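I opened the notebook with a few places to look up. I wanted contacts at several levels, from one residue up to whole chains.

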Amino acid sequence: MPSPLILVAAVLNGLMTGAVYALVALGLTLIYGVLHIINFAHGALLSAALFAAFFAYQILGLDPYLAVFVLAPVFFALGYALQRFVIGPAARGDERNMLLVTLGLSVFIENALLYAFRANTRTVEVSYAFKSIDLGFTFLAVPRLVSLAAVFAVAFVLWLIMALTDTGKAIRAVAKEKLGAELAGIDVAHVYALTFGLGTACVAIAACLLIPTYYVNPSAGNAFVPVAFTIVVLGGMGSVPGALIGGLVIGVVESLAGFFLGESLGEVGIFLIFILVLLVRPRGLFGSST
Amino acid sequence: MVEPLLSVEGISHRFGGLLAVDAASLWAPAGSITSLIGPNGAGKTTLFAVISGFLKPTAGRVRYGGEDVTGEPPHRLARRGMARTFQITKPFAGLSVRDNILIGAHLRHPARADALAVAETVARDVGLGELLDRPAHTMTAAARKRLELARALATEPKLLLLDEVLAGLNPSEIREVVPVIRALAGRGLAVVMIEHVMQAVMSLSAHVFVLAEGRIIAEGSPAHVTADPAVVEAYLGHGAAAKVGAHDVH
Amino acid sequence: MKGFLLIAIVVAAFAAVPLVVHSNVTLNFLVVALLIALAGQGWNVLGGYGGQYSFGHAAFFGTGAYVTAVLQMRYGVNAWIGFAAGIAAGSAVGAIVGTLAFRAGLRSSYFALVTLAFAEVLRILASVAPITGAGVGMLIKLDLRAQSFQFQSRALFYLVILALVAVALVTAQMLERSRFGAWLIAVRENEDAAMALGVDAFSIKLGAMVLSAAITAAAGGFYAQYFLFVDAGIAYGTWISIEALLTPVIGGVGTVFGPLVGALAAKSLGEGAKLVTGDVPGLDLMIYGAMLVLVIRFVPHGIVGAFADVSDRIKRRVLAARAPAREAVHG
């Protein structure tokens, strides 16, 4: 029987991994909640954001934690433009078309990155990458603690936007009742694009938090996709608290599973859980029942 | 006594906390038109969905042709000879009128040539003969209602459930469709229709059931139910019957 | 009958190519295009006619490829029998995935996700299981004899894949003329309305999934014999899931010739781009991704659909031009 302190350490580690998962899932679920589409380009956008964070550091010397404040707005604009000028006009409101268009974007972005930067894996070296806090029984990596804090900050800001601003109200109105919102004079195409922008900004923030301890290559973002999908489905498609809690839970489960079962089963395990969740509870744990 | 083709016995259906249909019973004999009327939101369409197998009832039984068919899936009920139309029309939008009706005709006619022949006959019967090659998504609301009817008829049903096939039609269109429905009963079909066009209900139906807030509150001949104070109240609100009665006296 | 005649003419024209063209490069290009067309025709049966968009047809392609290879190399089974078994195994995977997904009532995005997940699970399993050669992959022993499903001349390989494509074309044409096909299209257009008309939507979708999987598995089995090598990234890779859906989308979903036309168009563009910039990794898929978006934006019914739309418009214009003339006669 492992000592309880080691288990506590595994749980803490899981929470910190889960924080980044939650952030990626947050973007995905936000888009699903309003546009009712699964954004298959999410992983590719994460890869693109990782490259952006990498080059911001490598070329401009911008610290990843500072790059957040540049890349989040840039990716917000990118997401806005993608939805407004590419996905929206191409899909014309047809769900099957949206599936294909976001898949097409995903393939395009990933392979454009591959074409431009080749398959090489790159990393940044920041001074604090291996800094940690000694708790006596375990070490907490500083970058991962930052991630955990940042995720709660992002969730809080999102909540503020949704609850207090007119834009947030418009987004909620469109999510609930698109036609009604349209009749009330809300520009639905604009709201869709704003939401897609917010979801893409989440991805950029996740990339900046990841890059100090992670790596980048054209398919790096894909590693988070099945996990993020699982969290979104598990937490209830479109549910922001669901994504947050789901992300942390999955992080802990993965950490404990890795501890007890070994890492190799992890990847298949995530997919199997994902399939099971889809088959058994398509509405998720936090989704509404109607 | 001979059992009617369709008999619905104490059906209830609950959506979460809402009891949409509450122990409703009705029946429909072959060769006759039965109407189901009631105010909006009374649960008529929900009751149709239960009868046709799209919803499973919380309680009660649906008997059809002397058998308990409660909870059978829609396609199996269709094979037994039960056909329905949808209040909100559901055309196969990308297909032509001919191919829409063909889908229904295929139920009894596996060979394409036979099914096509049936589809064309049915289309002519309901007045869609001229529109056979039109894509369904380009049709007017009135034509879509006819298409619903034609597809259902192409399955060669014994029981036809019509959910507001007259709603949204103008008076001359109604005058064209009413004889078509009457002829169906004349051919021996049991027809059950949900209808708001009272003129049609009065002239077509042999028996009327009135549903309000999920319950059957009255039944009988059209003249009988429209004279029923409970029915007037259900439609016009509490106290309405007294007012209407008072008005009549003066 | 017109449809079958057209298929006969097209297939005959393709069959004549090796009589004129002897370049191995060209034949190789055509073999690969036809291979993708076959995989795409499988996707088209389920996605085009049935409206169920799978993002994981690699699950069937890979199973066809691996079973063909593993039975030969591990159990000494004849290649043709291995090929047939690969098709059967692919169909079985289709039946399992279809039963689970359709029983659970998964539609559109959810269906796409679950098919994608199944393909990924199979890819990971194939990359670790010893029987598939794990990460190294599996080589099929060179044995250039027809009874081993290997041929000296590329032209013979070409004719075999052409025959498979011909069977798939005839299958699609029969689908358009049959009750099963009519019901499948009805399910695509409106599942509730179809059920009300007596269509057993679950069985129809499942049947389409099995047929779809069988066709795509045949493409996988052929791949194994043609390249004599299979690994997890090829057989169960996302590239084939994407190409299988890309070809009918470009060519025209739910049309008999859509996948063939789409495969030729996609492969031509991909190869053309390679000629211009050299073979840089990612180039062809980058183009495919852009094509997917652009086609849906500007040619939503695909190439075949666009031709049909144009000919419809011409027909209507001709009819409209005649109509006043007829009125004049009556008047």
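**One loop residue in chain A**

I started with A:Val126 and set aside its neighbours within four places in sequence; the contacts left are A:Asp63, A:Pro64 and A:Pro212. I note that this is a predicted model. I placed A:Val126 in the loop between α4 (95-117) and β1 (132-134) of chain A. I then checked one of those partners, A:Asp63. It sits 63 residues from A:Val126 in sequence, with the C-alpha atoms 7.9 Å apart.

**A helix pair in chain B**

I moved to chain B and took helix α4 (residues 112-125) with helix α5 (residues 141-154). Their axes come within 9 Å and cross at roughly 135°. That angle makes α4(B) oblique to α5(B). I recorded the crossing of the two, α4(B) and α5(B), as right-handed.

Which residues make the contact? From α4(B) I listed B:Val118, B:Ala119, B:Val122 and B:Ala123. From α5(B) I listed B:Ala150, B:Leu153 and B:Ala154. Sorted by class, the contact of α4(B) with α5(B) has seven nonpolar residues, no polar ones and no charged ones.

**Two domains in chain B**

I looked up the domain assignment of chain B next. Domain 1 is 1-78 + 158-250, and domain 2 is 82-156. The C-alpha centres of these two domains of chain B are 24 Å apart. I read off the contact as 18 residues of domain 1 of chain B against 17 residues of domain 2 of chain B.

On the domain 1 side in chain B, α1 (44-51), α2 (74-80), β7 (159-163) and α6 (171-186) each supply at least two residues. The largest share of that side comes from β7(B), with five residues. By class I noted 11 nonpolar, three polar and four charged residues on the side of domain 1 of chain B that touches domain 2.

**Chain C against chain A**

Last, I turned to the two chains. I found 32 residues of chain C in contact with 33 residues of chain A. On the chain C side, α5 (108-128), α11 (238-251) and α13 (283-298) each give at least two residues. Which element gives the most to that side of chain C? I have α5(C), with 12 residues. The side of chain C that touches chain A divides into 26 nonpolar, four polar and two charged residues.

Conventions
Residues numbered from 1 in each chain as written. Chains lettered and ligands numbered in written order. Predicted model: local features only at pLDDT ≥ 70, side-chain atom pairs only at ≥ 80, totals over all residues. Axes fitted to C-alpha atoms, helices over the stretch in contact; angles between N-to-C directions. Helix = DSSP H or I, 4+ residues; strand = E, 2+ residues; numbered from the N terminus. Parallel < 35°, antiparallel > 145°, perpendicular 65-115°, else oblique. Left-handed = near helix turned anticlockwise from the far one by under 90°. Contact = placed C-beta atoms within 7 Å. Nonpolar A, V, L, I, M, F, W, Y, C, P; charged D, E, K, R; others polar. Domains from an automatic or database assignment.
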